[in-house]
Amino acid sequence: MGAGHGHGLHYHGHSVVHRLPAHVKLVAILTFVIVVVATPNRWVWAFAGYAVLVLAAAGATRVPVGYFVKRMVVEVPFVVFALLMPFVARGPRVEVGPFSVSEHGLVGAFGLLAKATIGVVAALTLATTTEPRDLVAGLERLRLPRQLVEIMGFMVRYLEVVTDDLRRMKVARESRGFTARTVSAWPVLASSAGALFIKSYERGERVHLAMLSRGYQGRMPVTRQLHATAADWRLASLLPVTAALVLAAGVLL
Amino acid sequence: MHVPDGFLDVPTSVATGVVAVAGVGLALRGARRELDDRTAPLAGLVALFVFAAQMLNFPIGAGTSGHLLGGALAAVLVGPWTATLAITVVLLVQGTLMADGGLTALGTNISLMALVGVWVGWGVFTLARRLLPKQLSSVPLAAAVGAFVSVPVTAGTFALLFAVGGAVDIPLGTLVGAMVGVHLLIGIGEAIITALAVSAIIATRPDLVYGAKPLVTARTLTIREEQTA
């Protein structure tokens with residue numbers, strides 16, 4: 001469903017958010033989103049609070065608003081799903097304009113849209129301000145299994161190389177008069193995918209041999225360590241802690 | 001098509017997270033058997049291939065297009081353990097660097113696509129391969145069957161999860177019916193693309209296709225004796 005997923009979203013900058021270490025940002029944003037997801041759907045005011053928080057965080061990145069908005073299209077299929085919900089859900093019905101819809105479905109749809117949208121803006125705040133290699137180092141700091149970190153490291157390192165391969169194949173196809181318009185174009189596109197697999201796999205083998213000849217013994221040396229100060233943690237925790245206070249207020253009141 | 005934040009409640013997300021951690025943990029051990037110390041660079045490049053292949057748009061007509069999901073394809077090409085790792089890493093990168101798929105839904109997305117998608121695809125593929133004639137040309141066909149089944153099963157699993165931990169009370173039959181119905185159509189596309197891609201690879205490098213290994217090694221070298229004038 002939808003179009004391709006495109007390149008990394010990192011937007012070069014020097015804002016406070018850009019300067020925070022990747023693992024600190026990751027923990028803060030993940031905790032924030034967990035708080036948001038744990039909030040009951042009916043607490044509209046709480047979601048308003050979270051929206052203000054996440055917009056403040058996004059604003060602090062100094063990334064242009066248009067850049068964020070353009071990337072929010074990933075949410076579209078689920079917006080459609082959420083909009084259908086009031087019509088198919090069970091429970092007591094309410095009248096909204098000309099339609100009779102399920103009240104439960106309406107609340108659920110609101111909850112889905114609010115949570116998914118806040119989640120996307122939060123994730124974009126991370127993605128636009130964190131360089132891929134910093135994120136990999138951050139996941140390593142958070143004790144993600146070493147092998148998984150290494151695989152991700154290779155994926156991030158060769159991302160541009162392989163997507164460029166794909167782009168060159170597209171240029172080559174089109175300079176020979178090919179346009180993909182109907183299903184009849186599938187065999188050509190699929191053999192492009194096949195060629196891309198062979199290229200990628202062989203590149204992996206060459207990279208492995210090159211690593212062996214440079215002394216690789218099954219473990220990449222750690223060349224950069226991320227360091228976070230107490231001040232970094234305090235600053236980043238503003239987002240999840242304030243959100244948790246909003247949630248706690250809701251529980252108590 | 002990645003599940004965003006808030007679609008499933010916290011207990012369900014935690015449960016799928018635990019399943020994902022366990023499954024990926026097993027895959028980390030299994031992939032070492034498939035690839036030994038080549039795991040990191042090769043699985044990394046395979047992950048990139050899946051990621052890039054998802055960017056290829058396949059036109060359906062009337063201006064719409066779809067793209068490959070690639071779970072079954074990856075399993076047939078590099079084996080199910082490596083495919084699990086590759087798809088997991090693709091989802092990690094998409095979730096953290098592209099805001100595609102919710103961060104709290106990462107466990108759900110990994111369970112659905114890297115575990116259910118890959119292993120159902122692989123299981124059906126091996127079954128079909130056993131039933132079809134023992135020749136190389138059966139592999140793309142078996143891969144197509146695997147891909148065709150894996151897509152609606154993955155969608156159906158999501159529908160079941162939504163019934164357990166979804167935010168809204170939708171009649172289970174309606175939801176499963178709609179999800180599986182739509183994804184049967186998507187599965188047909190996935191099956192055709194998977195078969196075409198696998199047969200393109202088998203035409204040039206059958207040795208690279210993990211799912212064709214038993215058939216490739218079974219081939220014996222034939223020496224053609226021809227008289228030269």
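Contact here means heavy atoms within 4.5 Å. The structure is a predicted model.

**View 1. The contact between chain A and chain B.** By that cut-off, 82 residues of chain A take part. Chain B brings 72 residues to the contact. The size of an interface is often given as the accessible area lost when the parts come together. Here chain A and chain B bury about 7,200 Å² between them. Carbon and sulfur atoms account for 78% of that area.

View 2. The interface of chain A and chain B holds one salt bridge. Its partners are E202(A) and R205(B). Their side chains meet at 2.2 Å, N to O. Side chains of opposite charge can pair when their charged atoms come close. Two residue pairs are in polar contact between chain A and chain B, counting pairs with both residues at pLDDT 80 or more.

**View 3. The side of chain A that touches chain B.** Several helices of chain A each supply at least two residues to this side. They are α2 (22–38), α5 (76–88), α6 (103–129), α7 (132–141), α8 (146–157), α9 (159–175) and α10 (186–212). The largest share comes from α10(A), with 20 residues. By type, this side of chain A divides into 54 nonpolar, 20 polar and eight charged residues.

View 4. E150(A) forms a salt bridge with R146(A). The closest N and O atoms of the pair are 3.1 Å apart. Both residues lie in helix α8 of chain A. They sit four residues apart, about one turn of the helix. Over all chains, the count comes to eight salt bridges.

**View 5. Two domains of chain A.** The domain assignment gives chain A a domain 1 made of 16–130 + 227–252. Domain 2 of chain A covers 146–212. The C-alpha centres of domain 1 and domain 2 of chain A lie 35 Å apart.

View 6. An unreviewed UniProt entry places the feature "transmembrane region" at residues 20–37, 43–60, 72–89, 109–127 and 233–252 of chain A. In the model, residues 72–89 of chain A are 72% helix and 0% strand. The end C-alpha atoms of that span lie 26 Å apart. Residues 233–252 of chain A are 100% helix and 0% strand, with end C-alpha atoms 27 Å apart.

View 7. For chain B, an unreviewed UniProt entry gives the feature "transmembrane region" at residues 6–28, 40–60, 72–93, 105–125, 145–168 and 180–203. Residues 6–28 of chain B are 83% helix and 0% strand, and their end C-alpha atoms lie 29 Å apart. Residues 180–203 of chain B are 100% helix and 0% strand. The end C-alpha atoms of residues 180–203 lie 33 Å apart.

Conventions. Residues numbered from 1 in each chain as written. Chains lettered and ligands numbered in written order. Predicted model: local features only at pLDDT ≥ 70, side-chain atom pairs only at ≥ 80, totals over all residues. Heavy atoms only, no water. UniProt positions renumbered as here; feature names shortened; annotations may be inferred. Buried area = accessible area lost by both parts, 1.4 Å probe. Salt bridge = Lys/Arg side-chain N within 4 Å of Asp/Glu carboxyl O. Polar contact = N/O pair within 3.5 Å; in protein donor to acceptor, adjacent residues only side chain to side chain. Nonpolar A, V, L, I, M, F, W, Y, C, P; charged D, E, K, R; others polar. Domains from an automatic or database assignment.
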